[in-house]
Amino acid sequence: MTHSVVTSLLRINRQRMVSLRRALTPYGYVGFMHLILIYTARRPGASQEEIAAFYALDKASAARDARRLEDAGHIRRQTDPDNRRRYQLFVTEAGEKMVEIIHETHRKFEERLSADITPEDWEKLTELLAVAEENSHYTE
């Protein structure tokens, strides 16, 4: 039984990523750029290392995608005043527009996903998945 739930979750996530990739490809977004942008929008001044740790990315990928975002004008990096080897990231005005595009893409996907599901069932599903997510955290 658990296997079918996990399989469904993986397939749903795969479709979400396909939808997101289609929406962001015209803007030159590849890899984890969208994750870095969204994290930075929520936590201005976050470091590349912090983002890499949060998403379990290797530091080189996070640094490369942060550089791409900077080159696209969607974030600016500045040296952390407390640690000159660390960069703090901030979303630019152009980046804010991309954040809106990402959120709109997610909203449209959620609409498709929740079609034909009652609000009560959707709320219960959300509660159950929150428990499953908490159970998924690696503790060993």
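How do the residues of the lining of the largest pocket divide into nonpolar, polar and charged?

Mentor: The lining has 13 nonpolar, six polar and three charged residues; Ala, Val, Leu, Ile, Met, Phe, Trp, Tyr, Cys and Pro count as nonpolar, Asp, Glu, Lys and Arg as charged, and the others, Gly among them, as polar. This is a predicted model, in which local features need pLDDT of at least 70 and side-chain atom pairs count only at pLDDT 80 or more, while totals for chains, interfaces and linings use all residues. Residues are numbered from 1 along each chain as its sequence is written, and side-chain values use heavy atoms, with hydrogens and water left out.

In sequence order the pattern is α-α-α-α-β-β-α-α. The C-alpha trace spans about 50 × 40 × 20 Å along its principal axes. Of the 140 residues, 28% are buried, where buried means under 20% relative accessible area, exposed over 50% and partly exposed in between (1.4 Å probe, protein chains only). Among contacts with a separation of 6 or more, 53% join residues 24 or more positions apart; a contact means heavy atoms within 4.5 Å.

Now the pocket itself. The largest pocket holds about 1,100 Å³ of space. A pocket here is an open set of points on a 1 Å grid over the protein atoms alone where a 1.4 Å probe fits, with protein on both sides within 12 Å along at least five of seven lines, and lining residues have an atom within 4 Å of a point. The lining of the largest pocket consists of 22 residues, and Leu9, Asn13, Arg16, Leu129 and Glu133 are those nearest its centre. Two or more lining residues come from each of α1 (2-24), α5 (93-114) and α6 (119-136). The largest share is that of α6, with eight residues.

Leu9, one of the residues nearest the centre of the pocket, sits in helix α1. Leu9 counts as partly exposed because its relative accessibility is 37%. Leu9 and Leu129 are 120 residues apart along the chain, and their C-alpha atoms are separated by 9.8 Å.

Thr105 belongs to α5 and counts as buried, with 11% relative accessibility. Beyond residues up to four places away in sequence, Thr105 touches Ser19, Leu20 and Ala23.

Helix α5 has another partner in α2 (residues 33-42), and the axes of α2 and α5 come within 10 Å and cross at roughly 110°. That makes α2 roughly perpendicular to α5, the class for angles of 65 to 115 degrees. The axes are lines fitted to C-alpha atoms over the stretch in contact, and the angle, on a scale from 0 to 180 degrees, is taken between N-to-C directions. On the α2 side the residues are His34, Leu37, Ile38, Ala41 and Arg42, and they meet Gly95, Met98, Val99, Ile102 and His103 of α5. The residues of this contact are six nonpolar, three polar and one charged. Seven of the ten residues of α2 are buried, so the helix is mostly covered: Met33, His34, Ile36, Leu37, Ile38, Tyr39 and Thr40.

Past α2 comes Ala46, in the loop between α2 and α3 (48-55). Ala46 counts as buried because its relative accessibility is 3%. Its contacts, leaving aside neighbours within four places in sequence, are Tyr39, Ile51, Tyr87, Gln88 and Leu89.

Most residues other than glycine have a negative phi. Ala56, in the loop between α3 and α4 (59-71), has a positive phi near 55°, and is exposed at 69% relative accessible area. Asp116, in the loop between α5 and α6, has a positive phi near 70°, and is exposed at 84% relative accessible area.

How values were computed:
Points joined across faces, edges and corners; volume = space filled by probe spheres on them. Helix = DSSP H or I, 4+ residues; strand = E, 2+ residues; numbered from the N terminus. Parallel < 35°, antiparallel > 145°, perpendicular 65-115°, else oblique.
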